[in-house]
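Thanks for making time for this. I would like to walk through one model this morning, going from the whole chain to a few individual side chains.

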Amino acid sequence: MKDPTADPEKSEPVVSRGPRPTGLSENLSHRIPVLASRVRAKLLFMVLDAACVVAGYSAAEVFYWRNVAPKEYGWHFGLFVLIVMIVTLVCNQIYGLYGRMWRHAGLEEARQMILSSGTVAVVLLVIYMAIQLFGYQVVHPEVLVVGLILATLGMSLIRFQSRIFAWQRGSRGSGLRVAIVGSRDEAAAAVREMIRHPDAGLIPVAVFDDDPSVHGMSLIGVPIVGGIRDIPAATSRFMLQEVLLAIPDASPEMIADVLHTTEAAGIAMKVLPTVHDVVTGRTGMLAIRRAREPSIEDLLGRTPVATDLEGVRLSLQSRRVMVTGAGGSIGSEICRQVARCAPAQLVLLDHDETHLHDTASVLDGPSHQALVDINDRETLFEVFERYRPEVVLHTAAHKHVPVLEDHPVEAARTNVFGTLNVIEASAAVGVTRFLLISSDKAVRPSSVMGASKRAAEQVLLNRSPEGASYCAVRFGNVLGSRGSVIPTFTRQIKSGGPVTVTDPRMTRFFMSVEEAVQLVLQASLLSKGGDIFMLEMGQPVPIIDLARRMIQLSGGEADVDIPIKIVGIRPGEKLAEDLRESDEEVLETEHPSISRLLPISAPQAWFDSCLGQLAESMHRGDASKVRQLLFAIAGVAHEGQTFGPATPAIVDGDRETQHSPSHLRHESSDFKPEPAGA
């Protein structure tokens, strides 16, 4: 039993654990080895510099007094060398020549070396003139000049030896023997980085350039052998294993030429990152290691444009952002780019759990997932009320043209009324910025998909709240998106063909998904409310040319290795797409690749009547009536039918009301069209 009178402090045994290290001792134990290492490195270079000074000036002195015994000049020369040594070490310290990593030295270090030597020369000249005033001559002027040159060369050789002799190490090393196409700055940078980093396993052995004036020369010790056409002949001579294209923003014709030549030579080809990649930070050795195989984007010849990424970042930083259709090709890329802007909250909304999960798993930051169908109006409003977004980017839509031709009811349900739900839910919680992804197929639509997207634009124009920035952006095809022609061609090429093309005259606009999203986010900054923007898509690409280029990328030849089959235009397709109506006025914006259209909005009451009839027909499952109403809203007669001079009739019960104005300048018995730009 425990004694109640015992001293509580002595009732438990005391275990000695030794003195605990204080914060100061821990800090010192960490800093002392670091400081010692730095001192050793500095001391080593100081000793070597002192040796260079002694050796350089001694050689100059001995050479000048080569016919005189050293005892005649030794005493005053020793004093002079001591002065020079002190001046040199002090100047080197001032210009930061101690404590650097000289393995990666470059122009900046060379400049500091020259400045230090120049300062030493000035100081020694002042000292020499001062001594002369007192009638003494410690050393001859020639010794002063020659000694300074020799000492500087010695100190420079010690510091830059890893750079000077790197080419010898690289040429003797093992790795992939690489030829570089291009003799300008980018090719020189590529060669230099390969030499500096032999661990990358790339050995530059030849350079090719179509400029005859540089043939026979060398680029940083690597011979310029000839032009692109000379690659096959030089392959065995130089034992080439890979060709690296180092020409910024090379034309599609050049890339195709190099690709064809390397295929003929039986070696691989890679492309250095473009100027666009450099802007995003992929430079130096990182760029060399990210050299990639040529892609269809290279052969299409579209040069990505720069955008105000900082402006976009600031507009989204610390804001609550929601992306609908977050699992789609465009939606997922929007999520990736928005996540990099540090939003206060990023909500991913999609009806497909797999795509929603896939997008969330690749984002840089946290996100909220909302598994909701935009057609479920009640649940959608609950989600908006829960997260209360400030910015909404609406990409959710049905987009497959042939499928929607057979399902116009679903096209209306999602693309029109789903968009209406999202816009009204946004307005209900005070969303200040809203962006709708539209399509070039919404212009003079020939398909149900295009007509439904045009109707979605009209929903935005008629339902946008006052004082908020609600806009739509039109653009063409996105390279590699699900349902686009490129994955289809890729699948057909892998299976050996044939590659199916609907019509040899068919053309389409193409843009990479990264560039499209950058421009879309940029356009959202330009909106003043009720805007429709159009992206500059460049020149349309013939689909048959796209098929041939993709076959070439795969290493084959069109109609020889893989056949191309013409199958005819599918329902709803057009030979060519447009980005604006002929009567839509185009205005320039602050961005050269984004134009603002003066939208032509349907009269409010007429549009409300159309939506009411469309909803009723959709609920009845009347596909024919839904199709007719979609094209009526789009202002285009479907399948060549004419109900009046220009546009189809709107069916009101059993009575047809005729409409005669041009695209979207509708009128009825009760309403007159609003002027353009209203």
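Let me begin with a term: a contact here means heavy atoms within 4.5 Å. Counting contacts in the chain with a separation of 6 or more, 73% are accounted for by residues 24 or more positions apart. Please keep in mind throughout that this is a predicted model, and that the values I quote are computed from it.

As for the overall picture, the secondary structure of the chain comes to 23 helices and 23 strands, and buried residues make up 47% of the 678 residues. The accessible surface is about 33,200 Å², and 57% of that area belongs to carbon and sulfur atoms.

Let me turn to the aromatic side chains, where the structure holds two pairs. In one of them, the ring centres of Y57 and F80 are 5.8 Å apart and the planes meet at 75°, which is over the 60 degrees required, so the pair is edge-to-face. Because F434 sits in strand β11 (residues 433-437) and Y470 in strand β12 (residues 469-474), the pair ties together parts that are 36 residues apart in sequence. F434 is buried, at a relative accessible area of 0%, and Y470 likewise counts as buried at 0%.

Helix α2 (residues 74-94) also carries L82, which is partly exposed with a relative accessible area of 45%.

Now to the charged side chains. How many salt bridges does the structure hold? There are 24 salt bridges, and I will pick out several of them. E333 pairs with R336, the closest N and O atoms being 3.1 Å apart, and both residues lie in helix α13 (residues 329-339), three residues apart, or about one turn of the helix. E333 counts as buried at 5% relative accessibility, whereas R336 is partly exposed at 26%. R620 and E616 form a salt bridge at 3.0 Å between the closest N and O atoms; because they are four residues apart in helix α22 (residues 604-620), about one helical turn separates them. Here R620 is partly exposed at 47%, and E616 is partly exposed at 48%. K574 and E577 meet at 3.6 Å, N to O, and K574 counts as buried at 16%, as does E577 at 7%. There is also a network of salt bridges linking R377, E424, R463 and D608.

Two further arginines deserve a word. R627, in helix α23 (residues 623-634), is at 17% relative accessibility, under the 20% limit, and therefore counts as buried; its side chain reaches the backbone oxygen of E405 at 2.7 Å. R386, in helix α15 (residues 377-387), counts as exposed at 56%, and its C-alpha atom is separated by 9.6 Å from that of V429, which is 43 residues apart along the chain.

How values were computed:
Residues numbered from 1 in each chain as written. Predicted model: local features only at pLDDT ≥ 70, side-chain atom pairs only at ≥ 80, totals over all residues. Heavy atoms only, no water. Helix = DSSP H or I, 4+ residues; strand = E, 2+ residues; numbered from the N terminus. Buried < 20%, exposed > 50% of the residue type's maximum accessible area, 1.4 Å probe, protein only. Phe/Tyr/Trp six-rings, centres within 6.5 Å; stacked < 30°, edge-to-face > 60°. Polar contact = N/O pair within 3.5 Å; in protein donor to acceptor, adjacent residues only side chain to side chain. Areas by Shrake-Rupley, 256 points an atom, 1.4 Å probe, with all protein chains shown as cover. Salt bridge = Lys/Arg side-chain N within 4 Å of Asp/Glu carboxyl O.
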